[in-house]
Amino acid sequence: MEIERKFLVNGTDWKQEVSGLFYRQGYLSSQPDRTVRVRTVEDKGYLTIKGKTSGASRSEYEYVIPYEDAVAMLDQLCETPIIEKVRYRIPYEGLVWEIDEFQGENLGLIVAEVELTDEKQAIQLPPWVGKEVTTEAKYYNANLFKHPFSKWID
């Protein structure tokens, strides 16, 4: 079970003295009840199946797959456009925050996620965390390839 809260990021203070990893990810299935994602992180490949989101929770199964297979699936089988982002991991008050700085058609969107052990777990927010978007589907990666940030109209 994955329990995760998601927030927009304010400013660039979070980025000092931290390096990130480049991710490419695509979707073989992006149904609301289940998603099947293929991802490369540097030179590693992953296949992830996620269930329907309920609040901040959902079931998740992730498997390491050969990098070459992941690249082939991304290039030949996944829905487009492929999500590209740089992910940074920043420890803060006993938790590790993952900050995704999106590229391509989602350039300009920066989202912070934190995994929890319980939906009611109290957390202290870093100073660079802004509005919570945990339940806003438009911020889900599985929706960002269908409705990229660059196409949003405020």
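These legends describe several views of one predicted protein model.

The model is predicted, so to speak of local features a pLDDT of at least 70 is needed, side-chain atom pairs count only at pLDDT 80 or more, and totals for chains, interfaces and linings use all residues. Residues are numbered from 1 along each chain as its sequence is written, and side-chain values use heavy atoms, with hydrogens and water left out.

**View 1. The whole protein chain.**
The chain has two helices and ten strands. Helices (H or I, at least four residues) and strands (E, at least two) are DSSP runs, numbered from the N terminus. Along the sequence their order is β-β-β-β-β-β-α-β-β-β-β-α. The radius of gyration is 15 Å, close to the 15 Å that the globule rule gives for 154 residues, so the chain is as compact as a globular protein of that length. This radius is taken over C-alpha atoms, and the rule is 2.2 Å times the number of residues to the power 0.38. The C-alpha atoms fill a box of roughly 40 × 35 × 30 Å along the principal axes.

Of the 154 residues, 45% are buried. Buried means under 20% relative accessible area, exposed means over 50%, and partly exposed lies in between (1.4 Å probe, protein chains only). The accessible surface is about 8,700 Å², and carbon and sulfur atoms own 49% of it. Accessible areas come from the Shrake-Rupley method with a 1.4 Å probe; for residues, only the protein chains shown count as cover. Contact means heavy atoms within 4.5 Å. The chain carries 19 positive and 26 negative side chains, and the centres of the two sets lie 4 Å apart. Lys and Arg count as positive, Asp and Glu as negative; His and the chain ends are not counted. Each charge is placed at NZ of Lys, CZ of Arg, CG of Asp or CD of Glu.

**View 2. Strand β3 and its two partners.**
Strand β3 covers residues 34-41; seven of its eight residues are buried, so the strand is largely enclosed by the rest of the structure. Strand β2 (residues 21-31) pairs with β3 in the antiparallel sense over eight bridges. Two strands pair if DSSP finds at least two bridges between them. Look for Y23, which stands opposite V41 in β3. A hairpin with two residues joins β2 to β3. Strand β4 (residues 44-51) also runs antiparallel to β3, again through eight bridges. Here V38 faces L47 in β4 as its opposite number. In a regular strand the side chains alternate between the two faces of the sheet.

**View 3. Strand β7 between β2 and β8.**
β2 and β7 (residues 83-92) pair in the antiparallel sense over five bridges. R24 has E84 in β7 as its bridge partner. Strand β8 (residues 95-102) is joined to β7 by eight bridges, also antiparallel. K85 has its bridge partner, F102, in β8. Two residues separate the strands of the β7 and β8 hairpin, where E93 takes a positive phi near 50°.

**View 4. Backbone angles to look for.**
Most residues other than glycine have a negative phi, and most peptide bonds are trans. E42 is not a glycine, yet its phi is positive, about 55°. It sits in the loop between β3 and β4 and is partly exposed, with a relative accessible area of 42%. E17 also has a positive phi, near 55°. E17 lies in the loop between β1 and β2 and is exposed at 87% relative accessible area. T80 and P81 are joined by a cis peptide bond, with omega about 0°. P81 is in the loop between α1 (67-76) and β7.

N10 is in the loop between β1 (2-9) and β2. With 43% relative accessibility, N10 is partly exposed. Beyond residues up to four places away in sequence, N10 touches W128, V129 and G130. M1 lies in the segment before β1 and is exposed at 72% relative accessibility. Leaving aside neighbours within four places in sequence, M1 contacts S57, R58 and S59. M1 and G51 are 50 residues apart in sequence and 9.3 Å apart in space, C-alpha to C-alpha.
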